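Here is a walk through one structure. Take a look at the sequence and the model, then follow the helices and their charged pairs.

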Amino acid sequence: MSEKDKIEIARNILNNAASINLSKEILLKISQKIDKYIVEYYQKSKSQKHVEKR
């Protein structure tokens, strides 16, 4: 599964969790996971662009 897919799925989970009023702690953990996926996505994207320039 690509990082983009992981981000989209996690965003959907976060939206659903917020809509059913889950605790702030759970929402924070989901949000942190999304942040991790976003960082991985940009790191991979950056490294691929760096390789393409060579």
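Which residue follows α1, and what is its phi? Asn21 follows α1, and its phi is positive, near 55°.

First, some ground rules. This is a predicted model, in which local features need pLDDT of at least 70 and side-chain atom pairs count only at pLDDT 80 or more, while totals for chains, interfaces and linings use all residues. Residues are numbered from 1 along each chain as its sequence is written, and side-chain values use heavy atoms, with hydrogens and water left out.

Start with helix α1. Helices here are DSSP runs of H or I with at least four residues, numbered from the N terminus. Helix α1 covers residues 3-19. It has 17 residues and reaches 24 Å from its first C-alpha to its last. That is close to the 24 Å expected at 1.5 Å a residue; the expected span is 1.5 Å times one less than the number of residues.

Next, look around the helix. Glu3, Ile7, Ala10 and Ala17 of α1 are buried. Buried means under 20% relative accessible area, exposed means over 50%, and partly exposed lies in between (1.4 Å probe, protein chains only).

Now turn to Glu3. This residue counts as buried because its relative accessibility is 14%. Leaving aside residues up to four places away in sequence, Glu3 touches Tyr37, Glu40, Tyr41 and Lys44. Contact means heavy atoms within 4.5 Å.

One of these contacts brings in charge. Side chains of opposite charge can pair when their charged atoms come close. A salt bridge is a side-chain nitrogen of Lys or Arg within 4 Å of a carboxyl oxygen of Asp or Glu. The count comes to two salt bridges. In one, Lys44 pairs with Glu3, with the closest N and O atoms 3.1 Å apart. This pair links distant parts of the chain: Lys44 is in helix α2 (residues 24-53), Glu3 is in helix α1, and they are 41 residues apart. Lys44 is partly exposed, at 43% relative accessible area.

Glu8 and Arg11 also form a salt bridge, at 3.3 Å from N to O. They are three residues apart in helix α1, so about one helical turn separates them. Glu8 is partly exposed at 39%, and Arg11 is partly exposed at 42%.

Terms used:
Helices (H or I, at least four residues) and strands (E, at least two) are DSSP runs, numbered from the N terminus.
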